[in-house]
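Good morning, colleagues. Please have the sequence and the structure open before you while I go through them.

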Amino acid sequence: MNPRIKSWAWQGAAVIAVALLATWFSHNLSTNLAVRGMQVDFGFLASRAGFDIPFRLVEWDSSYPYGWALYVSGVNTLLASALIVVLASLLGLALALMRLSGNPLAAGTSRAIIELVRNTPQLVQIVFVYVAVLQVLPPMRQSITWFGSIFLNVRGLYLPSPSGTAYDWIITATVVIVIAAAILWRRLGLIAAPRLVVLPPILILGAVIAGFTASWDHPVLRGFNFVGGTRVPPELLALVLGLGIYTSVFIAEIIRAAIEGIHRGQSEAARSLGLTANQSMFLVVLPQALRILIPPLTSQYLNVIKSTTLGAAIAYPEVLQIFARTVLNQSGRAVEVMTLVLGVFLVVNLLTSAAMNAWNRRLTLQGR
Amino acid sequence: MQRLTKMMRRGVVAAMAGGIAAVFAGGVAMAQLAPPPGPTVEAIKKRGTLNCGIDTGVPGFAAQDASGTWKGIDIDYCRALAAAVLGDPAKIKYTPTTAAARFTVLQSGEIDVLIRDSTLTFTRSTALGLDQVAVNFYAGQGFLVRKALGVAKAADLQGATICTVTGATLELNIADFARSTGAKIGTLLFDKAEEAIAAMEAGRCDGYTDDSGSLAGMRSTLKVPADWMVLPDLISKEPLGIHIRSGDARWQKIVFWLDTALKSAEEFGVTKANADQMKSSKDPFILRLVGVEGDFGKMLGLDNEWALRAIKVAGNYGELYDTHFGPKALDLPRGMNNLYNKGGMHYTLPLR
């Protein structure tokens, strides 16, 4: 048979099979819902939620609707994901460099950590870290205190929180200017120095100036808990540590493979030109290794975003816990709630994947 | 062309709606007309085991002992039901379900009945499409707190953080209680009770909240139970009971009258030990209960000794309560869970 016709026939058959399966699923769903006198309806999103979310970055109280709970918990999921990605990448790089350092102590330590962490279950590690974190931190009335207004105890890290119109404006303006400058750095060509040297101090300067104009809300121990200020809960800390360490060992192996994939000649040439070992690693080898490691790294980052749902086991209020547990239980709308939760993760992961692919395309060598 | 596709689409929608309507009508017709004992019992008999949905581990209701055997009042209900339907209390497949998954597991048909200290509520009956058959334990939501806190009643918990499990009515009750009294109580939600208890013992929260029956059970699992107390007041009504899928009225009747039989047995003094001798009783209610008079079992689609077998598994309701919550077990006073004529809430419908 003509291979083209053959390939078309196979693809057509696959499309039909998928369509049939989808039809069967939706028919199954509608029949079963109808038998129980139920229907798919997203109207519940506007009903009053009535529950409390113990940790949040955006506004929430129990009078807000269910739909808003998805936003609040979504922000929590994104916060945890971002922190874990940063921690896992830095830790992964450190472990990979230790493993390749040639120093037997460093290489052995790194290897032991990697084997220990990647061969034990993820959820067990997270619960272990959580219980460990809770055991280490002191009880509330014996908090570790810094400067009289920062407290660390088993309930979390309490920080004074700034507020005020001037504060908001200065912070926003600084961030916008720095991001714009970072993107247009070469085109502007104002200073010859690299942007990584110039921009971070500007960011810090802006924050300090803003801090002087703000009114600060200090945490105070009242009754059972500290009142006021911002609180970083131990659940977030445990989730970031647990999942960050778990992911870092996989990233370490990816980085190691990428570095070993760069021809030895590259680092030898760099060394013979008079570059130090560090310079040859960070200026010659790593930038080239980046091209190899981005695609597998993307998969790890996508895994991190999905794995934040394990936070539900240790009471971190992310999408799965707040939406797929509490909201589902209260509203009874299993099909609608699970569709939304899957949709949220799909959108977030597709965006992440698109961003990583764009970065990858920029780094790809022309003509290769 | 466009009109044609529109017509076609309309035709497809009509056909699909017709199909759904036909299935729906069929379902309703089956529920009304199915001869006893109904499709659920037919399926149970064919498979030879009762699929019973239970809790993952709350002493008193359902928990595994050192040898891995399930124990608890909910377990004994499952066994009594299996004895009544299949004639053998051991022919059960237990499915431990989390608070979040339990109703989905029941809706999907994985289990025949859910006996899992679950509160009967309006939403669960309507939005979830379930039948709420009977209450086998009257509870209320209470608090377990450290004695050292010096809290005497729930209203003193202003500003406290309470650990609990997600997917239950517990968190909503706290929010409602806080809203009505103006108190501010934070909640921290865990997947499983064990993790919530571990966090509480580590000092992450000031207390733990659950149904009064479960609280007594969880307190018994703490490292130093004497350091902790259950607050006297309850902030909600939690009638814990039996759920089944809507749509099989025959099955609903069997489960309902099984619960009644266990409670009637206590009322008329029929126990695990004397059940067989009661066949020669002079009380017509007892004779109907143990299957000597009337064709009550046959009317349910079972045989007449269905209730006798159920009672002989672990005893009447009072004996079940005593085994799992009595002075030798969790030591929880009977209170609301006594029979109506002894100051409690269990009022049985007459067997006649």
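Let me start with the contacts in chain A between residues at least 6 apart in sequence: 65% of these join residues at least 24 apart. Please bear in mind throughout that what we are looking at is a predicted model.

Chain A contains 12 helices and 8 strands. Along the principal axes, its C-alpha atoms fill a box of roughly 80 × 75 × 45 Å. Of the 368 residues in chain A, 29% are buried. The domain assignment divides the chain into domain 1, made up of 66-132 + 233-363, and domain 2, which covers 164-215. Taken over C-alpha atoms, the centres of domain 1 and domain 2 of chain A are separated by 27 Å.

A315(A) is found in the loop between α10 (277-307) and α11 (319-331) of chain A. Its phi is near 65°, which is a positive value in a residue other than glycine. Is A315(A) buried or exposed? A315(A) has 29 other C-beta atoms within 10 Å, and 20 or more are required, so this residue counts as buried.

I turn now to chain B and its open sheet. Which strands form it, and in what order? There are 5 strands, arranged as β4-β1-β5-β12-β6 of chain B, and the pairing is mixed. Strands β4 (92-97) and β6 (130-139) of chain B stand at the edges with a single partner strand each, and therefore one side of each has no neighbour in the sheet. On average, neighbouring strands of this sheet are turned by 25° against each other, direction ignored.

Within the sheet, consider β1 (residues 50-55) and β5 (residues 113-119) of chain B. These strands run parallel and are joined by 2 bridges. G53(B) stands opposite L114(B), which belongs to β5(B). Helix α3 (residues 73-86) of chain B lies across β1, β4, β5 and β6 of chain B, and its direction is at about 170° to β1(B).

Strand β5 of chain B also holds D117(B). Here phi is near 25°, again a positive value in a residue other than glycine. D117(B) is buried, with 26 other C-beta atoms within 10 Å.

Next, a glycine of chain B. G315(B) has its place in the loop between α12 (306-314) and α13 (317-325) of chain B. With 23 other C-beta atoms within 10 Å, G315(B) is buried. Which residues does G315(B) touch, not counting those up to four places away in sequence? They are T271(B), K272(B) and L320(B).

Finally, I come to the contact between the chains. How many residues does each chain give to it? Chain B gives 38 residues and chain A gives 35 residues. On the side of chain B that touches chain A, at least two residues each are supplied by α1 (2-33), α5 (122-126), α6 (170-181), β9 (186-190) and α7 (193-201) of chain B. Sorted by class, this side of chain B has 16 nonpolar, 14 polar and 8 charged residues.

That concludes my presentation. Thank you for your attention.

Technical notes. Residues numbered from 1 in each chain as written. Chains lettered and ligands numbered in written order. Predicted model: local features only at pLDDT ≥ 70, side-chain atom pairs only at ≥ 80, totals over all residues. Pairing = 2+ DSSP bridges. Helix = DSSP H or I, 4+ residues; strand = E, 2+ residues; numbered from the N terminus. Axes fitted to C-alpha atoms, helices over the stretch in contact; angles between N-to-C directions. Contact = placed C-beta atoms within 7 Å. Nonpolar A, V, L, I, M, F, W, Y, C, P; charged D, E, K, R; others polar. Buried ≥ 20, exposed ≤ 12 C-beta atoms within 10 Å, placed from the backbone. Domains from an automatic or database assignment.
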